[in-house]
Amino acid sequence: MTRTATNTPVSTPFGFASTAAEVVRGVDLTGRRAVVTGGASGIGVETARSLAGAGAEVTLAVRDTAAGEKAAADITGAAGGACVRVARLDLTDRASVADFAARWDGPLHILVNNAGVMATPEQHTPEGWEWQFATNHLGHFALTTALHGALAAARGARIVAVSSSANLLSPVVLDDPHFHIRPYDPALAYGQSKTANVLFAVGATARWAADGITANALNPGAIATNLQRHVGGRLLTPPERRKSPQQGAATSVLLAASPLLDGVGGRYFEDCAQAPVVVRRAPGDFTGVAAYALDPDGADRLWEASLRMLAAQV
């Protein structure tokens, strides 16, 4: 495997086995407001739990508000005094995304774009968007750009984009992102959507750093959650490389809350450290981030293409 460095790599005292609670220990988020998409289950609820436990006011942005209310009650019950709210958000529904953003009032300090789907059967939104690209990238792109004013008002906001090692499977194919011509492949579709998450972090940081906004992407690792329901509900990762949901949320919480990441943006992390850049992947090795996922020109092309898609009428 050939790798190259990007910027000055960020290292931390945390690693593969660290938990979200360990990463946020000693961090005071009092007065900070956070949104966690997909915050009702999996690593999303653990991310929300740790941010709320550190004093942040957390909103769970979820499709299933009943599940969100249950998760919020669990978090507040375990951490007396935690402020956890629930709001409906369907990332494949442009009206739902617009409504969420319109209802948000005041600054937003932390936005964790955590919700996602993986390896779904072929399906498209009414706009003709491939489902994984629509959910994992376009929905979050629309949400984040709509919340730009709130993020800028925070004067030091952080955006966290939950990506995956699947970025190594495919670049974003802008000539046919929705598989209208290519034969549909659920793994490649997932891979390009996860590459898009990284490119978004690069593009957002480049555009919004002057507003005090930074964005980073991450691979949470292999965690048994509902995300695997379309691949047989099981992990193929060897047991020694698997993580608990609390361990899986650790890197998200690091990027969202740790002072070690002050002013850092446009990078990709795994196991609580900046990941190496992969130019040529060895067979079976799914660590690091593909060079094309950090390409500034690629980030610009995706940003402009995403704006065009969102501007198009159904």
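A salt bridge is a side-chain nitrogen of Lys or Arg within 4 Å of a carboxyl oxygen of Asp or Glu. The model is predicted: local features need pLDDT of at least 70, side-chain atom pairs count only at pLDDT 80 or more, and totals for chains, interfaces and linings use all residues. Residues are numbered from 1 along each chain as its sequence is written, and side-chain values use heavy atoms, with hydrogens and water left out.

**View 1. Salt bridges join R33, E57 and R85 into a network.** The structure holds 11 salt bridges. E127 pairs with R94, with 3.1 Å between the closest N and O atoms. This bridge links distant parts of the chain, 33 residues apart: E127 is in the loop between strand 5 (110-113) and helix 5, R94 in helix 4. Helices (H or I, at least four residues) and strands (E, at least two) are DSSP runs, numbered from the N terminus. E127 is partly exposed at 22% relative accessibility, and R94 is partly exposed at 24%. Buried means under 20% relative accessible area, exposed over 50%, and partly exposed in between (1.4 Å probe, protein chains only).

**View 2. D262 forms a salt bridge with R158.** The closest N and O atoms are 2.5 Å apart. D262 lies in the loop between helix 9 (250-257) and strand 10 (268-270), and R158 in strand 6, 104 residues apart. D262 is exposed, at 53% relative accessible area. R158 is buried, at 9%.

View 3. A charge sits over a ring if NZ of Lys or CZ of Arg is within 6 Å of the ring centre and within 35 degrees of the ring normal. D176 is buried, with a relative accessible area of 8%; R182 is partly exposed, with 22%. Elsewhere, R281 lies over the face of F286, at 4.2 Å from the ring centre.

**View 4. F141, F200, W208 and W303 form a cluster through ring pairs.** Six aromatic pairs are found in the whole structure. The rings of F141 and W303 are edge-to-face, with centres 4.9 Å apart and planes at 75°. F141 belongs to helix 5 (residues 131-146) and W303 to helix 10 (residues 296-311), so the pair ties together parts 162 residues apart in sequence. F200 and W303 are stacked, with ring centres 5.4 Å apart and planes at 5°. Rings of Phe, Tyr and Trp (its six-membered ring) pair if their centres lie within 6.5 Å; planes under 30 degrees apart count as stacked, over 60 as edge-to-face and the rest as tilted. F200 is buried at 5% relative accessible area, and W303 is buried at 7%.

**View 5. The largest nonpolar core has 49 residues.** A nonpolar core is a set of buried Ala, Val, Leu, Ile, Met, Phe, Trp, Tyr and Cys residues joined through side-chain atoms within 4.5 Å. L108 and L147 have the most contacts inside this core. Helix 7 gives the most to this core, with eight residues. L108 touches residues including R33, V35, L147 and A157, not counting residues up to four places away in sequence. Contact means heavy atoms within 4.5 Å.
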